Amino acid sequence: MKQPIYNNKSIKESAMLILFDTLNVYYLPQYVPIIEQLKLRHHQVKLVCYSNKNDQQAFSEVINDLDVECIWVNNTQQAKLAYLSLKADWIFFGNKFEFLDEVHQHSKTAQLGHGVGPKPSYYHKSKTPMTVRFIEGDLRLTKIKEYYPKDKFIQVGFSKLDPMFNHTQPEGDLAELGLDPNKPTILYAPTFNPSSLECFPDNWPEDFREYNILIKPHSLTQVREKYKKQRQKLAKWSIFDNVYVAKEQDISLLPFMKNADILLSEASSTLFEFAALNKPVIVCNFFKLKWSYRGIFKYRFYNRFGKDNVLYSEIGLHVNNYTALIKAIPQQLAHPEQYAANREIYTNEHVGPTDGKASERIVQYLENAPSS
């Protein structure tokens, strides 16, 4: 792979150059609303994407649709060289970055979590402080300040959901996906680990013939060799005429959320996102653990997931096995008000403001921040 060439095009003196470190392509739904706001204000935007983590060819169309320049690098070392060369005003990161001391000689940095789920990693990726981290809800802000009292945190909301809250997210066409627009729609969004995906029967869509089923697996399920058994399950489900399985290029969950009436997941940030739309969620308490979390190693699982910084036990109905879903789904659709009050509490605490202006607040902060 050729070394990337960096060049700064001439821009207005008042405009800024903003870079987005796209370590994983699934960061894009969180970045895109901010990118659109920056473009509206005539700032220059570039993505820095990692070929060692993402398939450059597979995602070229997705990136082209954003109409921003993308610089492909092989690893964080090359990303660092790009940042030192470009000397951007701001660089956004979705995770930690090991070369911050060098980057901070030229640029300010902003950290933006790509999810609001229960994993402690959402908090601890701030171990290495950036110039600022943008935070979503009230409780999350309180907790992260307890961990890192000397760092800078600004509560803005959850930018990924801005298009849902400000009603700019287009309605998806279920008919184009081969589904029936007159049927209620289930969204199943399993994470990759721990995942309930392999605990669902091969023929489960038959039990829900009266529903559309949208299946949006995690991006890592789609690409990593160790999750090939999960992909085998997806292939079996995709043959049913009431099912649409998202493709690798279907990065954003938003079109699926827009069409869905109910969500199934296990430990995903998606639970919080969907609940913020005041739609019912069902938490799957059954999942397959990888071998390093089983048996004598089960303590590892509890250390990582059992002492969650964000508790979500009351966000919706919990089911302990697949069979329980058969009654749970129609019951929850018939009584969506059952957990409505809880959903509102969780939204305030974890997702934050739902006015669709999180991206605007982020950009305003960047524009008004001190130059040094």
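**Entry 1: H6 and H15**

I looked up how helix H6 (residues 138-147) sits against helix H15 (residues 340-351) in this predicted model. The two pack at an angle of about 40°, and their axes are 3 Å apart. Angles under 35 degrees count as roughly parallel and 65 to 115 as roughly perpendicular, so H6 and H15 are oblique to each other.

Next I asked which residues make the contact. From H6 I noted Asp 138, Leu 139 and Arg 140. From H15 I noted Asn 348, Glu 349 and His 350. Sorted by class, the residues of this contact of H6 with H15 come out as three charged, two polar and one nonpolar.

**Entry 2: the second largest pocket**

I then turned to the second largest pocket and took down its volume, about 1000 Å³. It is lined by 37 residues. Which of these are the closest to its centre? I wrote down Val 32, Gln 169, Pro 170, Ser 252 and Pro 255.

H1 supplies the largest share of the lining, seven residues. By class, I recorded 17 nonpolar residues in the lining of the second largest pocket, with 10 polar and 10 charged.

**Entry 3: H1 and H16**

The crossing of H1 past H16 is right-handed.

Where do the two helices meet? On the H1 side I listed Pro 33, Ile 34, Gln 37 and Leu 38. On the H16 side I listed Ser 359, Glu 360, Ile 362, Val 363 and Leu 366. The residues of this contact of H1 with H16 divide into six nonpolar, two polar and one charged.

**Entry 4: recap**

I set the two contacts down together. For H6 with H15 I have one nonpolar, two polar and three charged residues. For H1 with H16 I have six nonpolar, two polar and one charged.

Conventions
Residues are numbered from 1 along each chain as its sequence is written. This is a predicted model: local features need pLDDT of at least 70, side-chain atom pairs count only at pLDDT 80 or more; totals for chains, interfaces and linings use all residues. Side-chain values use heavy atoms; hydrogens and water are left out. Axes are lines fitted to C-alpha atoms, for helices over the stretch in contact, and angles run from 0 to 180 degrees between N-to-C directions. Helices (H or I, at least four residues) and strands (E, at least two) are DSSP runs, numbered from the N terminus. Angles under 35 degrees count as roughly parallel, over 145 as roughly antiparallel, 65 to 115 as roughly perpendicular and the rest as oblique. Contact means heavy atoms within 4.5 Å. Ala, Val, Leu, Ile, Met, Phe, Trp, Tyr, Cys and Pro count as nonpolar, Asp, Glu, Lys and Arg as charged, and the others, Gly among them, as polar. On a 1 Å grid over the protein atoms alone, a cavity is a set of points where a 1.4 Å probe fits but cannot get out, and a pocket is an open set with protein on both sides within 12 Å along at least five of seven lines; lining residues have an atom within 4 Å of a point. Grid points are joined across faces, edges and corners, and a volume is the space filled by probe spheres set on the points. A crossing is left-handed if the near helix is turned anticlockwise from the far one by less than a right angle, and right-handed if clockwise.
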